[in-house]
Amino acid sequence: MTFAATILTLYPEMFPGPLGHSIAGRAGDEGKWALETLQIRDFATDKHHTVDDTPAGGGAGMVMKADVLGAAVDEALRRQPDAPVLAMSPRGKPLTQARVRQLSDGPGVTILCGRFEGFDERIFETRPVEEVSIGDYILSGGEIGALALLDACIRLLPGVMGAASSGDEESFEQGLLEYPHYTRPKEWEGRTIPEVLRSGDHAKIAAWRKAQAEIITRSRRPDLWERYTGAPDQSPSGAQREKLKDE
Ligand code: SAH
């Protein structure tokens, strides 16, 4: 089945952009996913094709008009009634690997890309649109967020990644950040690949990797660590533990 993405944007020429290359590009050529853009401006009905207007109540910037957005979302829903409609928004629920996995298991996704100050609130009151954020910082538009979300979904589609297992150990998949990687040469600038990784003892290697993943997660992401262990970290400091690894 083809994972189908519909992107509502004022800049359709930004797509597929980076998704036309490498892993995603190849998967697209193989028909594993498909993308269609809808130009939001085409849904404006006045002769100037106006998509934005000044904010009610005053203030800086412009707001994307509800009537135009409504017509664009309706068209996307008509084309893909079963796909969830996401709006890129810093106010949205932060995107997680779990949500990405859920989306990639589905028929596809419709993504509404904001510009200017964002959307007239009434689009969220009248249409089944879920706000999604890709992080606590402000982009100038939703397109890069849409590309990030799609890239994350596409690599999880069946047959897209080389080794079927390579997805499962990735950061976040087990609730932990990933362990460190090394490759040849054995020694570089005076630093040697840890002995255990050269031991050929798979059980020992797995145990070392798990311990490293725990140390790194605990020191860098107390929020993930707390969720992983089910309890706040009471020990002196995760950062100290990470330091220990080098000693
Ligand atoms: N005034 C808004 C920001 C608008 S930025 C606010 O303060 O919340 C313009 C558009 O860029 C947004 O409508 C959204 O589509 C996109 N965007 C900006 N930052 C984003 C983020 N962190 N995640 C997802 N989309 C974002």
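Which side-chain oxygen reaches to the backbone nitrogen of Ala-203 at the start of H6? I looked this up before anything else, and I keep in mind throughout that the model is a predicted one.

**Entry: helix H6**

At the start of H6 I find a side-chain oxygen of Asp-201 within 3.3 Å of the backbone nitrogen of Ala-203. I then checked the length of the helix, which covers residues 202–220: its 19 residues, at 1.5 Å a residue, should span 27 Å, and the C-alpha atoms at its ends are 27 Å apart, so expectation and model agree. I also noted which residues of H6 are buried, and the list runs Ile-205, Trp-208, Gln-212, Ala-213, Ile-215, Ile-216, Thr-217, Arg-218 and Ser-219. I mark that Arg-218 is among the buried residues of this helix.

**Entry: the whole chain**

I stepped back to the protein as a whole, whose secondary structure I record as eight helices and nine strands. For its 247 residues a compact globule would have a radius of gyration near 18 Å, whereas I read 22 Å for this protein. Along the principal axes, the C-alpha trace spans about 70 × 45 × 35 Å. I note that 40% of the 247 residues are buried, and that the protein exposes about 14400 Å², of which carbon and sulfur atoms supply 52%. Turning to contacts with a separation of 6 or more, I see that 74% of them are between residues 24 or more positions apart.

**Entry: strand E1**

How many of the seven residues of E1 are buried? I count six, so the strand is largely enclosed by the rest of the structure. E1 covers residues 3–9, and it runs parallel to E2, to which seven bridges join it. At one place in this pairing I find Thr-9 standing opposite Gln-39 in E2.

Most peptide bonds are trans, and most residues other than glycine have a negative phi, so I searched for exceptions to both. The peptide bond from Phe-15 to Pro-16 is cis, with omega near 0°, and I place Pro-16 in the loop that lies between strand E1 and helix H1, the latter being residues 22–29. A further cis peptide bond leads from Arg-184 to Pro-185, here with omega near 10°, and Pro-185 sits in the loop between helix H5 (143–154) and strand E8 (187–188).

For phi, I stopped at Ser-22, which is not a glycine and yet has a positive value of about 50°; this residue lies in helix H1.

**Entry: Gln-174**

Lastly I looked at Gln-174, which lies in the loop between H5 and E8. Which residues does Gln-174 touch, not counting residues up to four places away in sequence? I find Asp-168 and Tyr-228.

Definitions and conventions
Residues numbered from 1 in each chain as written. Predicted model: local features only at pLDDT ≥ 70, side-chain atom pairs only at ≥ 80, totals over all residues. Heavy atoms only, no water. Helix = DSSP H or I, 4+ residues; strand = E, 2+ residues; numbered from the N terminus. Expected span 1.5 Å × (residues − 1). Buried < 20%, exposed > 50% of the residue type's maximum accessible area, 1.4 Å probe, protein only. Polar contact = N/O pair within 3.5 Å; in protein donor to acceptor, adjacent residues only side chain to side chain. Rg over C-alpha atoms; globule rule 2.2 N^0.38 Å. Contact = heavy atoms within 4.5 Å. Areas by Shrake-Rupley, 256 points an atom, 1.4 Å probe, with all protein chains shown as cover. Pairing = 2+ DSSP bridges.
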